[in-house]
Amino acid sequence: MTNRLCYVCEGGDCTEKGSGDVFDRLRDLIKTFDPNQERIKIRRYPCFGACDQGINVTLYPDKVFYSQVTVEDLPAIAKHIQGEGPKVDALCGKVPPDVEQIIWDMLDSPY
Amino acid sequence: MSSVDLEAKIPNNVGLRDNKRLMMALEKWQPKFLDWWTTVGPVDFNQHNIYLRTAVGVGQGGWAHFDYVKMPDYRWGIFLAEGPADRKIHFGDSIGDKVWNEVPGEFRNRLRRLIVTQGDTEPASVEQQRLLGHCCPSLYDLRSLFQVNVEEGRHLWAMVYLLQTYFGADGRDEAEAMLERHSGDQDNPRILQAFNYPVTNWLDFFCFTAFMDRDGKYQLASLAESSFDPLARTTQFMLAEEAYHLQTGENGVGRIIKRTGELMAQGTDPRTVGALPLDIIQRYVHFWFTGSMDLFGGEDSTNAAESFASGLKGRYRESDGIYKDPKALNANYSLEVPTEDGKIERRDIPLRRAMNAVLLDAYIADCKRIVERWNRELEKLGVSERIALPNHKFHRYQGVYSGFKFNPAGELIDEATWTHNHTKWLPTQQDRDYVNSCMVKVTTPGKFANYIAPPQQGVNDKPIEFEYVKFH
């Protein structure tokens, strides 16, 4: 089983913006090339704290922080996850670096 | 997994209709629960129509239904999250074995204690908050309070289901006792001390939901990893509801800070207009954050080690695979420990004994995130002051730092320094009196008390000025 993770924020603001739909559609796209979650696991995350920039989707341990994600962006994100496409630069770098770092600090376990 | 039965007297997806003995036991407990709700639950609002979310399922594509309901008519149900039928134990000594659908005899007492301790906090918080409705800052917030309350009630149902189903006569006795203990009761108080403090104003409430309920999230998340499958699935579903409670607190404190920041940016002293100054908010953050950390238990704990080894409690997001070793063997945790001669030394303890500390670290990282978020709002408003999270050693009554005095920066200090300064760090009676004096009741739709900014959006796509509570 892989330790690579895709987290979709389900904090209040992201949920209001439609993160539930984003999660469902991204999960379905990933299923087409990774039906048993052997290459990546997709999970909901309670809140990343970057609410103004939501909907937020992160890849870990890749440390890619996608923001202002819409359902139209999902095919490109899925291709990147699959290794068939580049990182979607237009969705990166929207969150202040210190906010991103807090999230990586939360996910990086020394154990 | 059984299908969802919403027509039953107790809505459920655990096949109650097929288990007459259990159904009878729960139906016998139900009127006692309702009596508890009307006796020590929210005061005076049981006849009003509240726009509430009710859990009606557990699958994808929506699990909740929104509508007006009188709180005593709320459909408290029993729901377990869906999961694979062949789930395996994924941490501890028995990794790879099939998860348990019955309670193993050797873990019976430990599991019961975990469930009772968790379950006791659910009704406790409802009791603590029972008077708050009388000084609500808006209809939006009044509804949020009651949403939190009814869902804490449902979480009690979830724990009582486990006790009644898997622990026989002992479990039935524990279920009764859940309704007999009361928050702050001198003779029969709630189990954890932090759940015996009254929550008398909305700064307390928002700090409680931001910090104490966040502790609950981490405790539930660690139980959601459990090898006892009914407990794991029950707590997984509770987490879905708990997320709203945390958001209520995080946004609530954030809205208070925002309003204070707006006034400061205009050059208005918040005290002159019934708003809350940042120094008072800071002291409340100190109080509730530190009290919440005490709920994690001792940093060095053989109990925690045994719970992990036996597969009862995992680490936060253990199943995501973010930890290097799912057995947590051959690794140490470096713990700062105060010494008799007034120094701090680092001591390595086996990682398994540090499971409470590991969970606490995840909690603290989450709290740092929310404080950063609040501070970004102040920055946007051009206000230079900030809210700060105190060091984890400050104001502790549990664990290795209890019995020692630390300042908020985490420096070991003597008793005299503490006595001289603690009123600068923790809420005073004067602070509490002032905060209580700001608690004006506002029930005009779309209007808010002057100490709190409106939320960014309403509930379930409704506008902010929606009539979330109908008094007629």
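**View 1. Residue I81(A) in helix α3 of chain A.** In this predicted model, I81(A) is part of helix α3, which covers residues 74-82 of chain A. Because 23 C-beta neighbours lie inside 10 Å of I81(A), where 20 or more are required, this residue counts as buried. When neighbours within four places in sequence are left aside, the contacts of I81(A) are C6(A), I30(A), I40(A) and L59(A).

**View 2. The open sheet of chain A.** Four strands of chain A, ordered β2-β1-β3-β4, make up an open sheet whose pairing is mixed. Its edges are formed by β2 (41-45) and β4 (64-66) of chain A, each of which pairs on one side only. From one strand to the next, the twist averages 20°.

**View 3. Pairing of β3 and β4 in chain A.** Strand β3 of chain A, residues 57-60, pairs with β4(A) in the antiparallel sense, and the pairing extends over three bridges. Within this pair, L59(A) has V64(A) of β4(A) as its bridge partner; L59(A) is also one of the residues in contact with I81(A).

**View 4. Helix α2 across the sheet strands.** Helix α2 of chain A, residues 19-33, lies across β1 (5-9) and β2 of chain A, and the helix runs at about 160° to β1(A).

**View 5. Confidence of the model.** For the model, the scores are ipTM 0.80 and pTM 0.92. Chain B has a mean pLDDT of 94, with 99% of its residues reaching 70 or more.

Terms used. Residues are numbered from 1 along each chain as its sequence is written. Chains are lettered from A and ligands numbered from 1 in the order in which they are written. This is a predicted model: local features need pLDDT of at least 70, side-chain atom pairs count only at pLDDT 80 or more; totals for chains, interfaces and linings use all residues. pLDDT is the predictor's confidence in each residue, from 0 to 100. Two strands pair if DSSP finds at least two bridges between them. Helices (H or I, at least four residues) and strands (E, at least two) are DSSP runs, numbered from the N terminus. Axes are lines fitted to C-alpha atoms, for helices over the stretch in contact, and angles run from 0 to 180 degrees between N-to-C directions. Two residues are in contact if their C-beta atoms, placed from the backbone, lie within 7 Å. A residue is buried if 20 or more other C-beta atoms lie within 10 Å of its own, exposed if 12 or fewer, and partly exposed in between; C-beta atoms are placed from the backbone.
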